[in-house]
Amino acid sequence: MVFHDDLFADKVVLITGGGTGIGRQMAVDFGRLGAHVIVAARREEPLRGTVELIEEAGGEGSFYLVDIRDEERIDEMVEEIFDVHDHLDVLINNAGGNFVGPASAMSPNGWRTVIDINLNGTFLMSSAVGKRWLATGFPGRIINMSATNAHNGSPLMAHSGASKAGINSLTETLAVEWGGAGITVNAILPGPVRTEGSDERLWTDEKTVKKLESRIPLGRFARPEDISPLVQFLASEAGAFVTGSLIVVDGGDRLRTPDF
Ligand code: COA
């Protein structure tokens, strides 16, 4: 964390999926920087854990239980947030889901579920918050967590790659449509990231991890701490003129070629 302690004083930041991984890191960092941080996801225990971490670090946080596929619940939650806090400054669409498997073995419901969570969830959250900002002319910030698998195909995660490509397009569209109201919309595209969740579900074979890491110019996967400061930059005054940008944070992974 590289910013001064009261950077987000009086700001309210809503992070979907903030119970684990990158979302939890961002939540704790925003809390340390003076924001009231709201984390919102399906499972209560991790959310409570994040709020405790925020408070231990001297910050202020709260949580909501929500499934971002449920538009009625989203609307109810966003309404309550605006009632309780009077305003919301930053929305971070971080919640996501995926599983590994070839497209040929993917059930229609498996496909639909990941698209629903990642792409439709990002749209529903942005829409619920954005329409309130547009109604009052509030220059809010939206930051979407995309990924580099939006480019060049996403073998063994067709649904995830398609959802992230959709998120990129949605980011650019909303940046244009809502720019006139002063709202900025950006996406961050991490390459492979190591979190306790991804270590358990995706990076289970140490040999494969080593091989992948050896191809990354900076020599390792990203960590949540590599992503969080960029989100804070985009949410801060310093990022006021950045919109519609798809920003890659991958240690140069996208530049690797099999020949080197
Ligand atoms: N392999 C194959 N299919 C899978 C699967 C897996 N590992 N996990 C889920 N699915 C399929 C289910 O079989 C189901 O399809 P079906 O009805 O045809 O059988 C469909 O996906 C929905 O699964 P369900 O478990 O009911 O949905 P959910 O909303 O509880 O789960 C997922 C969400 C699909 C994202 C699940 O993989 C998950 O919970 N992942 C862990 C969280 C995560 O992905 N975090 C990543 C952060 S980047």
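Helices here are DSSP runs (H or I, at least four residues), numbered from the N terminus. This is a predicted model, where local features need pLDDT of at least 70, side-chain atom pairs count only at pLDDT 80 or more, and totals for chains, interfaces and linings use all residues. Residues are numbered from 1 along each chain as its sequence is written, and side-chain values use heavy atoms, with hydrogens and water left out.

Now the polar contacts, which are pairs of N or O atoms within 3.5 Å. Arg-69 places a polar side-chain atom 3.0 Å from a ligand oxygen, and for Arg-42 the corresponding distance is 3.3 Å. Asn-98 uses a backbone N or O atom, 3.0 Å from an oxygen of the ligand. The protein buries 47% of the 910 Å² that the ligand exposes when taken alone (Shrake-Rupley, 1.4 Å probe).

Last, the helix pair. The axes of H3, residues 71–85, and H4, residues 108–136, come within 9 Å and cross at roughly 40°; axes are lines fitted to C-alpha atoms over the stretch in contact, with angles from 0 to 180 degrees between N-to-C directions.

How values were computed: Helix = DSSP H or I, 4+ residues; strand = E, 2+ residues; numbered from the N terminus. Polar contact = N/O pair within 3.5 Å; in protein donor to acceptor, adjacent residues only side chain to side chain.
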